[in-house]
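Morning, everyone. Please look at the sequence and the structure on the screen, and I will walk you through the model.

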Amino acid sequence: MTAHLVSLLPGVKVNVDAEPSPDRGAFLVGSEHYRAEVGREEYVLLARLTAGQSPNARPVFLFCGQTAITNQAATRYLARNHERLARKHGGKSFVLLLKVINSQAYDPDVVELVADVTQAAQSPLPSPAVAPRNSHHTS
């Protein structure tokens with residue numbers, strides 16, 4: 001997974017620290033930080049990517065979630081919305097950030113589109129000296 005992110009989505013970083021912390025599993029997309037609150041609010045990236053610009057290039061769908069249930073939610077989101085996404089994006093790559101709401105009660109069934117983060121995800125991350133502008137979590 002890390003190899004795909006580095007090569008195809010240079011604007012995405014996932015905190016994979018082995019030590020438990022509130023930021024473990026958090027996403028950094030561009031300058032935006034998305035932290036999971038397991039069971040309440042979790043994030044997943046749904047991406048349609050191609051490795052080249054060739055019209056014959058076959059797309060790969062990537063689900064990168066903060067928890068297993070978020071990956072299942074992204075799969076269901078794609079199944080429900082594939083026709084609309086195909087109309088909107090055509091054969092182009094896209095990266096969507098989805099939020100799974102209250103998974104402890106609703107499993108992967110309540111999902112909302114947070115943003116189309118294609119541009120931020122495909123652009124190199126800002127320098128490390130830049131602090132995230134917005135932290136998406138409840139104190």
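One definition before we start. A residue counts as buried under 20% relative accessible area, as exposed over 50%, and as partly exposed in between. Take R76: its relative accessibility is 32%, so R76 counts as partly exposed. Keep those cut-offs in mind. And remember that this is a predicted model.

Now the overall layout. The chain has 139 residues, and buried residues make up 37% of them. How many helices and strands are there? There are four helices and eight strands. Along the sequence the pattern reads α-β-β-β-β-β-α-β-α-β-α-β. Next, contacts. Take those in the chain with a separation of 6 or more: 58% of them are between residues 24 or more positions apart. The accessible surface comes to about 8,200 Å², and carbon and sulfur atoms account for 53% of that.

Let's turn to charge. Side chains of opposite charge can pair when their charged atoms come close. A search of the whole structure finds five salt bridges here. I will show you three of them.

R76 pairs with D109 in a salt bridge, at 2.3 Å from N to O. Where do these two residues lie? R76 is in helix α2, residues 68–89, while D109 is in the loop between α3 (103–106) and β7 (111–116). So this pair ties together parts that are 33 residues apart in sequence. Is D109 buried or exposed, or partly exposed? At 45% relative accessibility, D109 counts as partly exposed.

K99 belongs to strand β6, residues 94–101, and E41 to strand β4, residues 41–49, so the pair ties together parts 58 residues apart in sequence. Are K99 and E41 buried or exposed? Both are buried.

E37 has a relative accessibility of 15%, so E37 counts as buried.

Now the nonpolar side. In soluble globular proteins, nonpolar side chains tend to be buried together. In this model the largest nonpolar core has 16 residues. Which residues have the most contacts inside that core? They are L9, V12, F27, V29, L45, V95 and L97. The elements giving two or more residues to this core are β2 (27–29), β4, β5 (60–65) and β6. Strand β4 gives the largest share, four residues.

Let's zoom in on one residue from each core. Leaving out residues up to four places away in sequence, V12 touches L5, L28, V29, L45, A121 and L125. V12 also gives us a distance to check on the screen. From V12 to H33 is 10.0 Å, C-alpha to C-alpha, and the two are 21 residues apart in sequence. H33 sits in strand β3, residues 32–34. With a relative accessible area of 14%, H33 is buried.

A73 is found in helix α2. How does it score on accessibility? The relative accessible area of A73 is 0%, so A73 is buried. Which residues does A73 touch, not counting those up to four places away in sequence? A73 touches V100, P108 and V111.

Last topic: aromatic rings. A pair of rings is described by the distance of the centres and the angle of the planes. This structure holds one aromatic pair. The partners are Y34 and Y43. Their ring centres are 5.2 Å apart and their planes are at 55 degrees, so the pair is tilted. Are these two tyrosines buried or exposed? Y34 is buried, with a relative accessible area of 6%. Y43, at 2% relative accessibility, counts as buried as well.

That is my tour. Thank you.

Note on methods
Residues numbered from 1 in each chain as written. Predicted model: local features only at pLDDT ≥ 70, side-chain atom pairs only at ≥ 80, totals over all residues. Heavy atoms only, no water. Salt bridge = Lys/Arg side-chain N within 4 Å of Asp/Glu carboxyl O. Buried < 20%, exposed > 50% of the residue type's maximum accessible area, 1.4 Å probe, protein only. Core = buried A, V, L, I, M, F, W, Y, C linked by side-chain atoms within 4.5 Å. Contact = heavy atoms within 4.5 Å. Phe/Tyr/Trp six-rings, centres within 6.5 Å; stacked < 30°, edge-to-face > 60°. Areas by Shrake-Rupley, 256 points an atom, 1.4 Å probe, with all protein chains shown as cover.
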